[in-house]
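Please consult the sequence and the structure while reading.

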Amino acid sequence: MSPKRVDKAARKQEILAAAVRVFARKGFAASRIDDVAEEAGIAKGSVYLYFDSRDALLEAAFSQYTADADAIIRQALDGTDPPLERLGLLVRGTIDVIAGAPDLARTLLDLWATDHMRPAYKAYREAIAELIGQIRPGLGLPHATVIVGAIEGVVLQWLVDPEVPIADLAGPVLEVVVEGLRERA
């Protein structure tokens with residue numbers, strides 16, 4: 001009987017998904033590789049075949065998120081629609097990505113006070129600043145920071161109270177924050 005073949009890419013994703021669930025439930029600092037292995041239903045040594053440390057698991061999870069976020073940012077910056085519409089797509093896309101990955105959102109919340117998030121926030125603020133500068137010259141990073149704050153405030157409320165309908169809140173964020181950028185007739 002030949003040994004069972006394992007799809008290494010699929011197994012790596014399974015381990016990563018298990019790690020994100022554990023990080024979300026226990027917090028990164030309290031999580032151990034043993035917890036991840038148990039969640040994934042594999043031996044602890046199997047985790048180390050794919051990730052050399054708990055930090056490597058966190059970096060991989062964060063890399064997945066930043067790849068999704070970067071794709072949304074690129075689409076908004078490179079699009080041909082008017083800048084206000086592209087900004088709306090950016091806000092909606094961000095909320096959709098976060099709403100679709102609640103465990104990852106909880107893990108990111110655990111990281112918000114660390115240096116892990118600084119580059120991602122900087123890129124996000126700069127993209128928003130570029131778009132709002134196209135909409136209303138003279139507006140920039142301070143205004144982008146307010147928009148990011150509104151989005152993050154919605155996310156934080158949802159994480160604290162899962163009854164908050166995050167998937168339905170992109171519209172209100174756009175109405176309150178972004179529509180103020182529209183030129184008035």
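In which crossing, left-handed or right-handed, does α5 pass α7? The model is predicted, and in it α5 passes α7 in a left-handed crossing. The axes of the two helices lie 8 Å apart, at an angle of about 155°. Angles over 145 degrees count as roughly antiparallel, so α5 is roughly antiparallel to α7. On the α5 side, the contact is made by Pro83, Leu84, Arg86, Leu87, Leu90, Val91 and Thr94; α7 contributes Tyr124, Ile128, Leu131, Ile132, Gln134 and Ile135. Classed by type, these are ten nonpolar, two polar and one charged residues.

A second pair is formed by α4 (residues 54-78) and α6 (residues 102-111), whose axes come within 11 Å and cross at roughly 110°. That angle makes α4 roughly perpendicular to α6. The crossing of α4 and α6 is left-handed. Here Leu58, Ala61, Phe62 and Tyr65 of α4 meet Leu104, Thr107, Leu108 and Leu111 of α6. This contact has seven nonpolar, one polar and no charged residues.

The table sets out the residue classes of both contacts.

| α4 and α6 | seven residues | one residue | no residues |

The largest nonpolar core has 61 residues, and Leu57, Leu87, Leu90, Ile128, Ile132, Ile147 and Leu181 have the most contacts inside it. Its largest share, ten residues, comes from α4. Apart from neighbours within four places in sequence, Ile147 is in contact with Leu87, Val91, Ile128, Ile132, Val177 and Leu181.

Notes: Residues numbered from 1 in each chain as written. Predicted model: local features only at pLDDT ≥ 70, side-chain atom pairs only at ≥ 80, totals over all residues. Heavy atoms only, no water. Axes fitted to C-alpha atoms, helices over the stretch in contact; angles between N-to-C directions. Helix = DSSP H or I, 4+ residues; strand = E, 2+ residues; numbered from the N terminus. Parallel < 35°, antiparallel > 145°, perpendicular 65-115°, else oblique. Left-handed = near helix turned anticlockwise from the far one by under 90°. Contact = heavy atoms within 4.5 Å. Nonpolar A, V, L, I, M, F, W, Y, C, P; charged D, E, K, R; others polar. Core = buried A, V, L, I, M, F, W, Y, C linked by side-chain atoms within 4.5 Å. Buried < 20%, exposed > 50% of the residue type's maximum accessible area, 1.4 Å probe, protein only.
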